[in-house]
Amino acid sequence: MSSSSETAATQATWTPDRPIVSIHGVHKRFGDFEVLRGVTFDVMKGDVVCVIGPSGSGKSTLLRCINALVPIDEGSIQVAGQEVHDPKLDKLALRKKVGMVFQQYNLFPHKTALQNVMMAPIQVLKQDKAEVRERALKLMKKVRLNGKEDAYPGELSGGQQQRVAIARSLAMNPDVMLFDEVTAALDPETVKEVLVTIRDLAEEGMTCMLVTHEMGFAREIADMMYFTDNGVIVESGPPKEFFANPRDARTKEFLGQIL
Ligand code: ADP
Ligand code: MG
């Protein structure tokens with residue numbers, strides 16, 4: 001990234017009246033198999049969006065496309081005004097904007113919780129260690145894990161480890177957080193503490209996109225629900241309407257199975 005034209009191409013022109021995430025006509029194929037078949041929707045800053053749908057319908061792929069973990073074949077995805085799949089885009093800049101938390105938290109086992117949270121800002125962003133530490137301590141508090149700073153992942157419950165993973169993502173100071181079934185692998189008794197953490201974030205105004213099977217939580221927290229089937233969004237709406245009165249037969253069937 002040295003020439004001035006490249007720099008210009010990576011600079012965001014975003015204002016709060018525009019969507020923070022804008023997904024337009026996205027297609028994604030793996031070989032002959034089209035996983036996403038034209039996905040379009042916008043997310044405004046501070047909104048919480050929940051994506052639900054049957055297994056294999058493309059939910060994880062969609063999140064991975066937003067984070068540029070996988071390339072798209074057609075369409076566009078903008079985050080804070082920046083075209084995510086622009087080959088000239090500084091991928092590091094994008095990693096800073098979009099945080100992602102997975103079902104598997106993958107903490108570094110030989111680092112303490114606090115060290116896990118501090119690692120990326122120091123190693124990737126080359127930020128000052130003392131400042132990063134200060135921020136990491138605050139983040140541990142935010143995810144309600146103060147007192148566990150020096151614990152190793154193996155000494156923490158699944159829910160606690162997942163909250164460290166959330167804090168680690170927040171340490172990059174993202175504009176948007178993506179959560180891909182982050183409670184799916186947890187023991188039931190620790191699911192709630194992770195959902196409470198996500199709710200705290202949402203209430204503070206963090207833009208969140210969640211793929212989840214926690215329908216009660218989605219109903220409580222979401223501004224918008226999206227139902228995906230077979231690579232397309234077949235239904236969307238505010239949760240009240242969405243759950244009380246689903247229109248599409250596939251949404252009805254899906255909700256009927258899990259509610
Ligand atoms: P969901 O999260 O809704 O369960 P995914 O996005 O994980 O769905 O997967 C959608 C489909 O794409 C599945 O059939 C899956 O097997 C396929 N798929 C996902 N990732 C890859 C990949 N890297 N290579 C080939 N096929 C993939
Ligand atoms: Mg998935």
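Trainee: Let's start with the ligand. Which residues are around ligand 1?
Mentor: In this predicted model, the residues around ligand 1 are Phe30, Val35, Gly53, Ser55, Gly56, Ser57, Gly58, Lys59, Ser60 and Thr61.

Trainee: And which helix gives the most to that shell?
Mentor: That's helix 2, residues 59–66, which puts three residues into the shell around ligand 1.

Trainee: What does leucine 63 touch, leaving out residues up to four places away in sequence?
Mentor: Met100, Leu178, Asp180, Met209 and Val211.

Trainee: How far is leucine 63 from histidine 24, in sequence and in space?
Mentor: They're 39 residues apart in sequence, and 14 Å apart in space, C-alpha to C-alpha.

Trainee: New topic: helix 6 and helix 7. At what angle do they pack?
Mentor: About 20 degrees, with the axes 8 Å apart. Helix 6 covers residues 158–170 and helix 7 covers 188–203.

Trainee: What do you call that arrangement, parallel or antiparallel?
Mentor: Roughly parallel: angles under 35 degrees count as that, so helix 6 and helix 7 qualify. Their crossing is right-handed.

Trainee: Which residues meet there?
Mentor: From helix 6 you have Gly158, Gly159, Gln162, Arg163 and Ile166, and they meet Thr190, Val191, Glu193, Val194 and Thr197 of helix 7. By class, that contact has five polar, three nonpolar and two charged residues.

Trainee: Okay, backbone check. What's up with phi at alanine 80?
Mentor: Phi is positive there, about 50 degrees, even though alanine 80 is not a glycine.

Trainee: Where does alanine 80 lie?
Mentor: In the loop between strand 4 (74–79) and strand 5 (82–83). Alanine 80 also counts as buried, because it has 23 C-beta neighbours inside 10 Å.

Trainee: What about phi at asparagine 230?
Mentor: Positive as well, near 55 degrees, again in a residue other than glycine. You'll find asparagine 230 in the loop between strand 9 (224–229) and strand 10 (232–237).

Trainee: Why does asparagine 230 count as partly exposed?
Mentor: Because asparagine 230 has 15 other C-beta atoms within 10 Å.

Technical notes
Residues numbered from 1 in each chain as written. Chains lettered and ligands numbered in written order. Predicted model: local features only at pLDDT ≥ 70, side-chain atom pairs only at ≥ 80, totals over all residues. Near = placed C-beta within 6 Å. Helix = DSSP H or I, 4+ residues; strand = E, 2+ residues; numbered from the N terminus. Buried ≥ 20, exposed ≤ 12 C-beta atoms within 10 Å, placed from the backbone. Axes fitted to C-alpha atoms, helices over the stretch in contact; angles between N-to-C directions. Parallel < 35°, antiparallel > 145°, perpendicular 65-115°, else oblique. Left-handed = near helix turned anticlockwise from the far one by under 90°. Contact = placed C-beta atoms within 7 Å. Nonpolar A, V, L, I, M, F, W, Y, C, P; charged D, E, K, R; others polar.
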